[in-house]
Amino acid sequence: MTDLKTAAAALSPLDLGALLFFVVAWTGYALSVGRLRGRMVSLSQIMNRQRETWARQMIQRDNRVVDTTINASLQNGTAFFASTSLIALGGVLTLSRSGDDVLNLFGALALGGAATRLTWEIKVAGLAVVFVYAFFKFTWAYRLFNYGSILIGAVPPKGSGADEVAMLRAARRAAAMNIAAGHQFARGQRAFLFALAYLGWFVSPYLLMLSTTAAVLVMWRRQFASEIRSALLEEDEVLKESVR
């Protein structure tokens, strides 16, 4: 408790406000991506529908090579980001050992405020926490994709004699696992992007708020205002009309 009080006292009110802004922006964006509905549905949610469509199409195929290849590519991408998280974490730990040199560098910048060794270590520790969080998300996503490959194999093949209800149920399980893995992967990638925004804090709390705002705007545009989202959403509407 004493260490927490000391750490909090080392940060200025402006630093604490900027850090709070960072946390609130991250949390608020994550909630909006997962919970908005209707015309404000996110690209991630639209792609979740496509994952369900993929699972339904899978039960119509005798050969599952395409399905296992898609799942393997998703899993390999997750493994790459998990490895990158460890490399980034190693870089952060190295950064913590060169605090004096970096403090002199940032102190000479126009936007750089007064910084101490303690505040530097607090900021480096925060960045390390972000990359540790990302690593755990990516490794869990990798594990879920692994489970997903097992569930793909458990879907009864066409012509096996299994009834359609059982096949659909198995396909839904595979889709649900893939969607869950996608959620974890997206959270890990989001942590990477917010880690870039977090770097602004090493220069100035004002730059942290500015970089956080820029990161949220870029991600928001991709999720809610990108051309690919509009195309997929329009396709969904066309399919709904054709069903009617």
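How are α6 and α7 oriented relative to each other: roughly parallel or roughly antiparallel? Keep in mind that this is a predicted model. The axes of α6, residues 117-154, and α7 cross at roughly 165° and come within 8 Å. Angles over 145 degrees count as roughly antiparallel, and therefore α6 and α7 are roughly antiparallel to each other. Their crossing is left-handed. Sorted by class, the contact of α6 with α7 has 25 nonpolar residues, seven polar ones and four charged ones.

Now α7 by itself. This helix runs over residues 164-198, which is 35 residues. At 1.5 Å a residue it should span 51 Å, and its end C-alpha atoms are 50 Å apart, so the two values agree.

Helix α4 covers residues 65-95, and its axis comes within 8 Å of that of α6, with a crossing angle of roughly 165°. So α4 and α6 are roughly antiparallel to each other. The crossing here is left-handed. In the contact of α4 with α6, 22 residues are nonpolar, nine are polar and one is charged.

There is one more pair to show. Helix α2, residues 13-35, and α7 have axes that come within 12 Å and cross at roughly 155°. That angle is also over the 145 degree cut-off, so α2 and α7 are roughly antiparallel to each other. The crossing of α2 and α7 is right-handed.

Last, the annotation. An unreviewed UniProt entry lists residues 6-31, 127-145 and 192-220 under "transmembrane region". What does the model show over residues 127-145? The chain there is 100% helix and 0% strand, with end C-alpha atoms 27 Å apart. Over residues 192-220 the chain is 79% helix and 0% strand. The end C-alpha atoms of residues 192-220 are 15 Å apart.

Terms used
Residues numbered from 1 in each chain as written. Predicted model: local features only at pLDDT ≥ 70, side-chain atom pairs only at ≥ 80, totals over all residues. Heavy atoms only, no water. Helix = DSSP H or I, 4+ residues; strand = E, 2+ residues; numbered from the N terminus. Expected span 1.5 Å × (residues − 1). Axes fitted to C-alpha atoms, helices over the stretch in contact; angles between N-to-C directions. Parallel < 35°, antiparallel > 145°, perpendicular 65-115°, else oblique. Left-handed = near helix turned anticlockwise from the far one by under 90°. Nonpolar A, V, L, I, M, F, W, Y, C, P; charged D, E, K, R; others polar. UniProt positions renumbered as here; feature names shortened; annotations may be inferred.
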